[in-house]
Amino acid sequence: MGGYMLKKYAFIFPGYGCGHPGMGKPFLEKSEACLALYAAASVDLGYDCAALSVSGKASEISDPQKAFPLQVLQSLSVALCAKEILPEGPSGVLGYSAGEIPAVACAGVFTYEDAVKAASYYSDMRQEALKAGTMESFRLTNVKQEFVSLVTDKMTDGFVQLTAVEGPEQTVILGDREGIQATLDELKKHKVVSCKLENASVLHSMIISAYASHMREDMNALPHEKNLTIPLYSTLYGKKWESILLPGDYFYLQQIKAVRLSEAVEAAVRDGIEVFLIAGKDRTLQSAVKSVAKNAEVLIAEDIKGLEKAAAVIEKA
């Protein structure tokens, strides 16, 4: 590299809900490997993934059964094209919530084709869980996780659970109307800012246990490798993880427990990760990572131009 010191980088794969019309177009125009991946996925899933990812309407892209497999295809396309554009491979991978499915595929647990199947199992589970109804969910800022936990533990009426730790002072809670209101009333006294999230489900809570059990069986039946070829900074455990014995068991636990994004990013920073590449259009995730990794570059790499920009940053002297 002629005197250049390459920066260590990690991919971050977003969770459910980052799909958009045309998201697959830049990759399918660029890469034969991406074309082959989309073709295999179309056979497995029973619909034309490439056509939807290139020219599908917003309503088609957001179809509950198709949205996440299409998003995972885009995420994996970023990883495939990165091999041709970036000067070296990633030093780690992270995934926000179900974004850990493409993350572990990138780290060698699943083949990319089987990762798309795993994404369809997740979609099935999510649809079943939505039949159980929804709860209210709020993103809280200007508050530390420990204080949120203290307040929710003291709630005697209603149900409230911490479902994500996104930053040093940013968390997400889920609960029924009574429990959530009591929690927000208490937190408001301490100048905590709350923002209601739309389309909240019972994901990342104990309520989803019965639905996640089916997903666990299906994922465990997929061919998989135990040892990761790239470290996973696990948002289930909040630390570096180097082996997954049974992926279905891992993702079952991931769905009933809170997302520990903040701790996972902190672990990556401690290991010298200087650049985080978000494989999808998720500005909220970008902001959350920036709040933790204050001295790192946090880039959106949702297309070829994003990868080329990332290459310039990684190669910077």
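This is a predicted model: local features need pLDDT of at least 70, side-chain atom pairs count only at pLDDT 80 or more; totals for chains, interfaces and linings use all residues.
Helix H12 spans residues 261-270, and its buried positions are Leu-261, Ser-262, Ala-264, Val-265, Ala-267 and Ala-268. Just after H12, Gly-272 adopts a positive phi of about 95 degrees. Strand S10, formed by residues 275-278, is covered on both faces. In a regular strand the side chains alternate between the two faces of the sheet. In S10, Val-275 and Leu-277 lie on one side, Phe-276 and Ile-278 on the other, and all four residues are buried.

S10 pairs with strand S1 (residues 9-13) in the parallel sense, through four bridges. Within this pairing, Leu-277 of S10 stands opposite Phe-11. S10 also runs parallel to strand S11 (residues 297-300), to which four bridges join it. Here Ile-278 has Ile-300 of S11 as its bridge partner. Together with helix H13 (residues 283-292), strands S10 and S11 make a right-handed β-α-β unit.

An open sheet of five strands is arranged in the order S6-S3-S5-S4-S9, and its pairing is mixed. The bridge partner of Thr-141 in S5 is Gln-170.

Note on methods: Residues are numbered from 1 along each chain as its sequence is written. Side-chain values use heavy atoms; hydrogens and water are left out. Buried means under 20% relative accessible area, exposed over 50%, partly exposed in between (1.4 Å probe, protein chains only). Helices (H or I, at least four residues) and strands (E, at least two) are DSSP runs, numbered from the N terminus. Two strands pair if DSSP finds at least two bridges between them. A crossover is right-handed if, with the strands pointing away from the viewer, the path from the first strand over the helix to the second runs clockwise.
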